[in-house]
Every structure is written in C-alpha cells, then in structure tokens.
Amino acid sequence: MLSLVLKADFDRILSWVTPRFKTLSGDSLLITGAAGFVGSYLMDLMVYANEHYFTRPVRVIGVDNWVAASRQPALGPDVALTRNVLDYHADWGIHAASIASPKLYMAKPLETIEANVNLTRRILEWSTQAKSVLHLSTSEVYGDTPNVPTPE
C-alpha cells in the first residue's frame with residue numbers, strides 16, 4: 001500500500017512534468033539500480049504513473065544485483081525486477097546503479113567494479129539502441145564533504 005506522503009509526492013511530480021513525459025506511454029523503460037535509494041523511488045513512481053497518469057502503461061524493467069539494495073521496489077502488472085540487464089531491450093533507460101558506500105567498496109571490491117564500471121559500460125553500449133538514456137551519479141564522487149547536498 002502506498003503511503004499518503006508518497007502519493008502526494010507522486011501526484012505533485014506528475015503535475016509538474018512536461019507533456020513530453022507522456023510520450024513514454026506504451027514504451028518500455030529500463031531502470032538500473034532498481035532496489036537502490038533513487039532507483040526504488042523511480043520504480044514506485046512508474047507503478048503509480050501507470051495506474052494514474054499514462055494512457056497506456058509503460059513496461060518497466062528494473063535491474064538490481066542486491067549488493068547495496070536499499071529496499072524492495074514496488075512491482076505491478078507492467079513493472080518487473082530482474083538481475084540481468086542484458087536480457088531486455090527497452091526504448092528508454094535510467095542508469096542509477098552504483099555501489100556508493102565506502103564500507104562496501106572495501107568489503108565487495110569485485111561487485112563494486114561490476115556495478116560501477118562494467119555495468120556502466122554495458123549501458124553505454126546498449127544506449128545506442130535506445131531513444132535516450134539518463135545516467136545518474138552519486139554524491140560519493142565528491143568524497144567526504146561537509147556540505148550535503150553539495151552545490152555543483
């Protein structure tokens with residue numbers, strides 16, 4: 001069940017987005033890092049948007065390796081979760097996968113390289129077949145900073 005805070009948040013977002021966002025209607029969207037902090041929020045938003053905003057649902061494929069997962073994202077009739085990004089083609093992509101924890105860098109170095117380097121390379125190669133791909137970053141690129149959020 002969706003909390004009242006998230007419902008209000010999603011309603012506000014969907015009232016602010018440009019009409020161009022509706023062009024996703026009937027298309028497919030790949031979201032990497034789907035169980036992470038930002039990715040799971042985007043997955044929840046797309047489940048809600050499919051029910052309340054789009055005229056035809058967007059088929060959403062969420063991808064996560066569950067190494068640094070924050071939470072289980074919402075799923076729906078047109079929203080699925082997998083571990084293998086290469087199994088799917090999508091019209092659009094949002095690359096939000098990143099292990100952004102210094103503790104995990106040390107504990108899981110190979111998984112960090114896989115998510116932060118190798119997956120980014122695969123997404124870049126895959127993006128030549130997509131309409132567009134949005135690549136998100138993490139505030140960890142700034143290192144240990146006293147200013148959060150960090151101004152650009």
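Is Ser 25 buried or exposed? In this predicted model, Ser 25 has a relative accessibility of 8% and therefore counts as buried, the cut-off being under 20%. The residue is found in the loop between helix H1 (4-16) and S1. Its side chain makes a polar contact with the side chain of Thr 55, at 3.1 Å. When neighbours within four places in sequence are left aside, Ser 25 is in contact with Phe 54, Thr 55, Arg 56 and Val 58.

The strands were examined next. An open sheet is formed by 5 strands in the order S3-S2-S1-S4-S5, and the pairing is parallel. Strand S3 (79-82) and strand S5 (132-135) are the edge strands, each pairing on one side only. On average, and with direction ignored, neighbouring strands of this sheet are turned by 15 degrees against each other. Helix H4 (residues 109-126) packs on the sheet, where it touches strand S1 (28-32), strand S4 (92-95) and S5. The direction of H4 makes about 160 degrees with that of S4.

Strands of a sheet pair through backbone hydrogen bonds, in either a parallel or an antiparallel manner. Strand S2 (residues 59-63) runs parallel to S3 and is joined to S3 by 4 bridges. Within this pair, Ala 80 in S3 stands opposite Ile 61. S1 and S4 also pair in the parallel sense, over 4 bridges, and Gly 93 in S4 is the bridge partner of Leu 30. Between S4 and S5 there are 4 bridges, again in the parallel sense; here His 95 has His 135 in S5 as its bridge partner.

In a regular strand the side chains alternate between the two faces of the sheet. For S4, both faces are covered. Trp 92 and Ile 94 lie on one side of S4, Gly 93 and His 95 lie on the other, and all four are buried.

Nonpolar cores were then considered. The largest nonpolar core has 21 residues, of which Leu 29, Ile 31, Met 46, Phe 54 and Val 60 touch the most other members. H1, S1, helix H2 (37-52) and S4 are the elements that give two or more residues to this core. H2 provides the largest share, 7 residues. Apart from this core lies another, of 9 residues, including Leu 30, Ile 61, Leu 119 and Ala 130. The surroundings of Ile 31 were listed without residues up to four places away in sequence. On that basis, Ile 31 touches Gly 39, Leu 42, Met 43, Met 46, Val 60, Ile 61, Gly 62, Val 63 and Ile 94.

The structure holds 5 aromatic pairs. One of them is the tilted pair of Phe 21 and Tyr 53, with 5.7 Å centre to centre and 40 degrees between the planes. This pair links distant parts of the chain, 32 residues apart, with Phe 21 in the loop between H1 and S1 and Tyr 53 in the loop between H2 and S2. Tyr 53 counts as buried because its relative accessibility is 14%, which is under 20%. Phe 21 also forms a tilted aromatic pair with Phe 54, at 5.3 Å centre to centre and with 40 degrees between the planes. Because Phe 21 lies in the loop between H1 and S1 and Phe 54 in the loop between H2 and S2, the pair ties together parts that are 33 residues apart in sequence. Phe 21 and Phe 54 are both buried. Elsewhere, Phe 10, Tyr 41 and Tyr 48 form one aromatic cluster.

The loop between S2 and S3 was examined through two residues. Trp 66 lies in this loop and has a positive phi of about 65 degrees, although it is not a glycine. With a relative accessibility of 31%, Trp 66 counts as partly exposed, since the value falls between the limits of 20% and 50%. Ser 70 also has its place in the loop between S2 and S3. Its relative accessible area is 47%, so Ser 70 is partly exposed. Not counting residues up to four places away in sequence, Ser 70 touches Ala 35, Gly 36 and Phe 37. Ser 70 and Ala 80 are 10 residues apart in sequence, and their C-alpha atoms are 17 Å apart in space.

Note on methods
Residues are numbered from 1 along each chain as its sequence is written. This is a predicted model: local features need pLDDT of at least 70, side-chain atom pairs count only at pLDDT 80 or more; totals for chains, interfaces and linings use all residues. Side-chain values use heavy atoms; hydrogens and water are left out. Two strands pair if DSSP finds at least two bridges between them. Axes are lines fitted to C-alpha atoms, for helices over the stretch in contact, and angles run from 0 to 180 degrees between N-to-C directions. Contact means heavy atoms within 4.5 Å. Buried means under 20% relative accessible area, exposed over 50%, partly exposed in between (1.4 Å probe, protein chains only). A polar contact is a pair of N or O atoms within 3.5 Å; within protein, one must be able to donate a hydrogen and the other to accept it, and residues adjacent in sequence count only if both atoms are side-chain atoms. A nonpolar core is a set of buried Ala, Val, Leu, Ile, Met, Phe, Trp, Tyr and Cys residues joined through side-chain atoms within 4.5 Å. Rings of Phe, Tyr and Trp (its six-membered ring) pair if their centres lie within 6.5 Å; planes under 30 degrees apart count as stacked, over 60 as edge-to-face and the rest as tilted.
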